[in-house]
Amino acid sequence: MTPIETTLQAAHDASCNAYAPYSGYHVGAAVLLDDGTIITGSNFENASYGLSLCAETVAIASANSQSKLKHIIAIALAGGKPDQSGRAVLNEIADTPCGRCRQIIKEVSDATNIDTPIYCLHQSGYRRYSVSEILPDAFGPNTLA
Ligand code: THU
């Protein structure tokens with residue numbers, strides 16, 4: 001498997017750990033670091049619905065908490081309704097990051113100085129997006145300069 005395929009599989013595996021009693025929707029995310037390490041996250045919901053954390057945000061914040069923010073070279077995502085083991089059953093069309101996560105991924109892109117690729121898993125493969133593609137004309141550190 002390529003490093004990207006391994007990262008996508010880690011994201012899919014992480015969907016098993018979703019805490020999603022309200023939406024019943026499981027999402028797993030994984031960030032690939034420049035040394036090949038993979039750090040995962042899964043969605044973590046809250047009874048106060050709006051406080052729920054998305055899988056991408058959890059994975060990125062986890063990488064940052066290990067001082068690895070600037071080492072992220074790719075992000076992978078896999079979501080779907082869970083099967084009996086909690087694993088996301090992938091949709092025909094790949095899930096893509098929500099609006100808030102796109103802004104958070106933009107921060108990764110600025111911190112690393114790369115147009116971070118985002119790989120989104122679907123039933124029959126995956127799609128690759130770039131930050132500039134999913135969040136064009138974005139607000140970012142340059143706006144504040
Ligand atoms: N979710 C994510 O984890 N990432 C996204 O980019 C979109 C949505 C989660 C949030 C919520 O727990 C569930 O999916 C349904 O919206």
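How far does a polar side-chain atom of Asn 43 lie from an oxygen atom of the ligand? The distance is 2.9 Å, in a model that is predicted.

## Ligand surroundings

The residues around the ligand come from several stretches of the numbering. They are Ser 23, Tyr 25 and Val 27, then Asn 43 and Glu 45, then Cys 54, Ala 55 and Glu 56, and finally Thr 96, Pro 97 and Cys 98.

For Ala 55, a backbone N or O atom is 2.9 Å from an oxygen atom of the ligand. For Glu 56, an N or O atom of the side chain lies 2.5 Å from an oxygen atom of the ligand. On its own the ligand has 370 Å² of accessible area, of which the protein covers 76%.

## The largest pocket

The largest pocket holds about 160 Å³ of space. Its lining consists of 15 residues, and those closest to the centre of the pocket are Val 27, Asn 43, Cys 54, Ala 55 and Glu 56. Each of these five is also listed among the residues around the ligand.

By residue class, the lining of the largest pocket comprises eight nonpolar, four polar and three charged residues.

Strand E1 spans residues 26–33 and strand E2 spans residues 38–42; the two pair in the antiparallel sense over five bridges.

Val 27, which falls within the range of E1, is one of the residues around the ligand.

## Hairpin of E5 and E6

Leu 121 has Tyr 126 as its bridge partner in E6. E5 and E6 form a hairpin as well, with two residues between them.

Key: Residues are numbered from 1 along each chain as its sequence is written. This is a predicted model: local features need pLDDT of at least 70, side-chain atom pairs count only at pLDDT 80 or more; totals for chains, interfaces and linings use all residues. Side-chain values use heavy atoms; hydrogens and water are left out. On a 1 Å grid over the protein atoms alone, a cavity is a set of points where a 1.4 Å probe fits but cannot get out, and a pocket is an open set with protein on both sides within 12 Å along at least five of seven lines; lining residues have an atom within 4 Å of a point. Grid points are joined across faces, edges and corners, and a volume is the space filled by probe spheres set on the points. Ala, Val, Leu, Ile, Met, Phe, Trp, Tyr, Cys and Pro count as nonpolar, Asp, Glu, Lys and Arg as charged, and the others, Gly among them, as polar. Two strands pair if DSSP finds at least two bridges between them. Helices (H or I, at least four residues) and strands (E, at least two) are DSSP runs, numbered from the N terminus. A residue is near a molecule or strand if one of its heavy atoms lies within 4 Å of it. A polar contact is a pair of N or O atoms within 3.5 Å; within protein, one must be able to donate a hydrogen and the other to accept it, and residues adjacent in sequence count only if both atoms are side-chain atoms. Accessible areas come from the Shrake-Rupley method with a 1.4 Å probe; for residues, only the protein chains shown count as cover.
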